[in-house]
Amino acid sequence: MIEAELIEKKIAKDYGFFKFKLHKKLESPDAGQFIMLKALDEPILAKPFSIYSYKNKNITLFIKRVGRLTGKIFSSPIGEVFYIRGPYGTPYIEKINKGRKYILIGGGSGIAPLNFFSELYPELVYKKLYGFREKYIRELFEEEQSTLVIEEESGKTVVDIFREVYSEELGILACGPIPMLKNLPHDSYVSLESVMGCGIGTCKSCAVKTKEGIKMVCKDGPLFRKEEIQWEWI
């Protein structure tokens with residue numbers, strides 16, 4: 001476990017950016033990987049969070065407030081210490097076709113691993129589309145305003161905008177809510193979000209049914225080809 005001190009946060013209602021200073025470097029984190037984070041004064045297991053950015057022992061997470069642990073993170077003062085372990089999961093770069101450029105399609109907190117991918121592999125990114133429902137989310141973003149698709153403003157979803165710019169020579173790399181992922185082409189790469197207890201494939205809580213049998217999102221993913229997932233099982 002690595003101590004992680006909260007050094008900066010920026011919140012808009014139920015979304016926020018949280019930057020932590022680690023007391024020890026992570027071992028070669030890559031886009032698509034996640035860490036397990038725990039608050040020692042909370043009687044709950046560590047929860048998974050995708051890496052939004054990582055530089056010089058500073059890790060940034062983009063979090064949606066959905067439960068007890070995320071509520072704790074949102075209310076914590078600067079200087080609060082959490083504990084993390086990881087990174088876990090297979091990097092996106094090990095699974096995708098590196099000969100293509102990609103449209104990155106994110107929904108909600110699913111934008112986090114896509115942002116890290118764009119930082120590490122900008123040469124593989126054709127366009128970024130980050131979808132949200134409400135316009136207050138603009139308060140959190142400075143340099144990424146042009147990538148935001150706000151349904152409350154345009155009346156269109158991020159998938160609607162994707163269809164307007166997509167062409168078959170482009171790859172698709174997506175992370176977000178299941179309904180969003182289901183509406184993408186079959187040859188898309190989709191990064192699944194799941195409940196996890198361990199992060200290493202032992203607890204089996206993140207099992208997903210594929211055409212090749214049961215796989216674990218934490219160990220075998222989180223990235224899969226959309227066509228290999230048995231969607232009716234999710």
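**Note on the fold, pockets and pairings**

1. Helix H2 (residues 111-120) lies across S8, S9 and strand S11 (171-175), and runs at about 155° to S9. Helices (H or I, at least four residues) and strands (E, at least two) are DSSP runs numbered from the N terminus; contact means heavy atoms within 4.5 Å. Axes are lines fitted to C-alpha atoms, for helices over the stretch in contact, with angles from 0 to 180 degrees between N-to-C directions.

2. The model is predicted: local features need pLDDT of at least 70 and side-chain atom pairs pLDDT 80 or more, whereas totals for chains, interfaces and linings use all residues. Residues are numbered from 1 along each chain as its sequence is written, and side-chain values use heavy atoms, leaving out hydrogens and water.

3. Helix H4 (residues 158-165) also runs at about 155° to S9. The strands that H4 lies across are S8, S9, S10 and S11.

4. The sheet in question is open and has six strands, ordered S10-S9-S8-S11-S12-S15, with mixed pairing (at least two DSSP bridges between two strands). Its edges are strand S10 (148-150) and strand S15 (223-225), each of which pairs on one side only. From one strand to the next the twist averages 20°.

5. Within this sheet, strand S8 (residues 102-107) runs parallel to strand S9 (residues 125-132), and six bridges join the two.

6. Strand S7 (residues 81-88) pairs with S1 in the antiparallel sense over four bridges. S3 is also antiparallel to S7, again through four bridges.

7. Eleven salt bridges (a side-chain nitrogen of Lys or Arg within 4 Å of a carboxyl oxygen of Asp or Glu) are present in the structure. One of them joins the side chains of Asp41 and Lys72, at 2.9 Å from N to O. Asp41 sits in the loop between strand S3 (34-38) and strand S4 (47-50), and Lys72 in helix H1 (residues 68-75), so this pair ties together parts that are 31 residues apart in sequence.

8. The largest pocket holds about 1300 Å³ of space. On a 1 Å grid over the protein atoms alone, a pocket is an open set of points with protein on both sides within 12 Å along at least five of seven lines, a cavity is a set where a 1.4 Å probe fits but cannot get out, and lining residues have an atom within 4 Å of a point. Points are joined across faces, edges and corners, and a volume is the space filled by probe spheres set on them.

9. Of the 49 residues lining the largest pocket, Lys64, Gly107, Ser109, Gly110 and Glu193 are the closest to its centre. Elements that each supply at least two lining residues are S4, strand S6 (58-64), H1, H2, S9, H4 and helix H5 (178-182). The lining has 25 nonpolar, 13 polar and eleven charged residues (Ala, Val, Leu, Ile, Met, Phe, Trp, Tyr, Cys and Pro count as nonpolar, Asp, Glu, Lys and Arg as charged, the others, Gly among them, as polar).

10. The second largest pocket has about 590 Å³ of space. Its 19 lining residues include Glu8, Phe17, Tyr52, Thr60 and Leu140, which lie nearest its centre. By class this lining has six nonpolar, four polar and nine charged residues.
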